[in-house]
Amino acid sequence: MSDAGPSPEPPFEPAAAAGAGPSAAQARGDSALDVVRENLVAFSVAIVMALVIKHFCLEAFRIPTSSMWPTLHGEGDAGRDRQEDRIVVDKWAYVLAGPERGDVMVFRYPLDRSRNFIKRVAGLGGEWLRIAEGDLLVRRDPGDPWRPATKRRRVREQLYTQSYPPAGAGALERPTGTWWETEEGLDGWRLESLERPEAARLEYEGGARSRLRYVPTLHAQGSQSARDVRLRVRVVPKGPATLTLSWAPEGGWRTDLVLAIAEESGAPSEAVFRQGSEPPTHRPLRLTLKPGRPTALVWEVVDGVVHVHLDGVEEAVLPFERALGGSEGRQALSITAEGAPLTLEGLRIDHDLHYTLGGGDRHRPELGTPQGLRVPNDSYFMLGDNTFSSSDSRAWEAGGVRLRDGREIWWNLSGQDGTGPSPVRGSDERHVVDVDGVERRWHEDDEAEDLPRRWLSFVPRENVVGRAFYIFWPAWPEFPRRLGWIH
């Protein structure tokens, strides 16, 4: 058996004759062109998709002003180095359902529809609105009673402003012990660490009934007194006792939350509502705190409703009636204890947004009257969170002129002082940017008459752009800084 020899070499193939096929250089050129073509196609598709997403789905916006402070920050808010918030707007949010009260919404400005504005939805189509004593009041029919417009919990949480511990420059300049005081002739409380209010401990030593009062008067923005408050605290009870939280703002009404601390459930807790000289209303509650068991308590008196949360669970929602225009008097927030010792830790007090009729003297007059203002169907009434400095539905007003050919030209006339911009006058020509965002020019001789001012207070459904839902910038230098959801 002989060994197999080496495999024969494959036969030699001569190079292709000229013109018989592409050369290597040509192949490389075609390959490069294919790569460029594919990249151009991919880039074009990406551009088209980005435009489609921006037009129909999501779009980023910048906040240029302070009208939504403190929810959204514009240029100059809270310091010179404050960066403007950048937000993402969901344009699909209202495809299947309309906006809800409390939504932060982007829309085309009724006085210049070429511009986008951002405000919070305050009134819905078909409602009657009124602003009184810091609250936005609503009703569906002129014969119905006025009721405060309630806000969802996440909206309330975003709108609360901290009152205690005091915040900001100079907040801790008051002498120690002046934030809280006991009524004359009563004792039983020991106040610790009040030189550092954020670490304060309020200790009830037990025994006779003793009331501790919060001394500073709560104020909302400007000089307006707060009507709605929230108190958060960790209660550490050492035995059977009674803890009472009381809120009596100006207006002649008062709300008490009386909580029983007992071993057995079903102890007599209750909410008590008082209005002027009328007999108090008692509402029993099935809430009992246990001795020796710390409990996180949140108590809200807001929008005509009392909310009670224990350890993060909402245990009670109690609407109550509050008459408007009660007697004026100093606000009073107090904490009363009786029985076994207890400690209050991490106490914080916040006040809710206090609405006003608007800056200056120009605002929809109906908002301040008992009759109120009706929102047209399929339209929305918008308010800024910075109620003292916001161009919103309270003051949107247009001026107009009718020309001899029958055309009407309307322009923005809303300003803090009610004057707003006027048409620019040339030698014989006038021009203005109208409510459609178009520059209009006409000669003075073309004018037939000046038209009466008219309010453009409502945003029609077709002018809604979308719902703002996330702040994506600024994130630096202190990450995550302003990143977060918008409610």
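1. On a 1 Å grid over the protein atoms alone, a cavity is a set of points where a 1.4 Å probe fits but cannot get out, and a pocket is an open set with protein on both sides within 12 Å along at least five of seven lines; a lining residue has an atom within 4 Å of a point. Grid points are joined across faces, edges and corners, and a volume is the space filled by probe spheres set on the points.

2. The model is predicted: local features require pLDDT of at least 70 and side-chain atom pairs count only at pLDDT 80 or more, whereas totals for chains, interfaces and linings use all residues. Residues are numbered from 1 along each chain as its sequence is written, and side-chain values use heavy atoms, with hydrogens and water left out.

3. The largest cavity has a volume of about 150 Å³. Its lining comprises 17 residues, and R101, L136, A149, K151 and Y355 lie nearest the centre. At least two lining residues come from each of β4 (112-124) and β6 (135-139), and β4 gives the most, with three. Strands here are DSSP runs (E, at least two residues), numbered from the N terminus. By class, the lining of this cavity has eight nonpolar, three polar and six charged residues. In this division Ala, Val, Leu, Ile, Met, Phe, Trp, Tyr, Cys and Pro count as nonpolar, Asp, Glu, Lys and Arg as charged, and the others, Gly among them, as polar.

4. The largest pocket holds about 270 Å³ of space. Among its 14 lining residues, R62, P64, N116, F117 and I118 lie nearest the centre. The elements that supply two or more residues to this lining are β1 (58-62) and β4, with the largest share, five residues, coming from β4. The lining divides into seven nonpolar, four polar and three charged residues.

5. In the second largest pocket there is about 230 Å³ of space. This pocket is also lined by 14 residues, and W146, R147, P148, F320 and E321 lie nearest its centre. Eight of the lining residues are nonpolar, two are polar and four are charged.

6. A nonpolar core is a set of buried Ala, Val, Leu, Ile, Met, Phe, Trp, Tyr and Cys residues joined through side-chain atoms within 4.5 Å; buried means under 20% relative accessible area, exposed over 50%, and partly exposed in between (1.4 Å probe, protein chains only). The largest core has 44 residues, of which W180, W189, W299, I335, L344 and I349 touch the most other members. Leaving aside residues up to four places away in sequence, L344 touches W189, A200, R201, L202, V233, R234, V235, L243 and I335, a contact being heavy atoms within 4.5 Å. Another core of 17 residues lies apart from it, and includes Y109, L111, L456 and V464.

7. Most residues other than glycine have a negative phi, and most peptide bonds are trans. The W69 to P70 bond is cis, with omega near 5 degrees, and P70 is in the loop between β1 and β2 (86-90). Y164 and P165 are likewise joined by a cis peptide bond, with omega about 0 degrees; P165 belongs to the loop between β8 (161-164) and β9 (180-182).

8. D311 has a positive phi, near 50 degrees, in the loop between β20 (305-310) and β21 (313-319). D311 counts as partly exposed because its relative accessibility is 39%. The phi of D378 is also positive, about 60 degrees, and D378 is found in the loop between β24 (373-374) and β25 (379-383). With a relative accessibility of 59%, D378 counts as exposed.

Note on methods: Helices (H or I, at least four residues) and strands (E, at least two) are DSSP runs, numbered from the N terminus.
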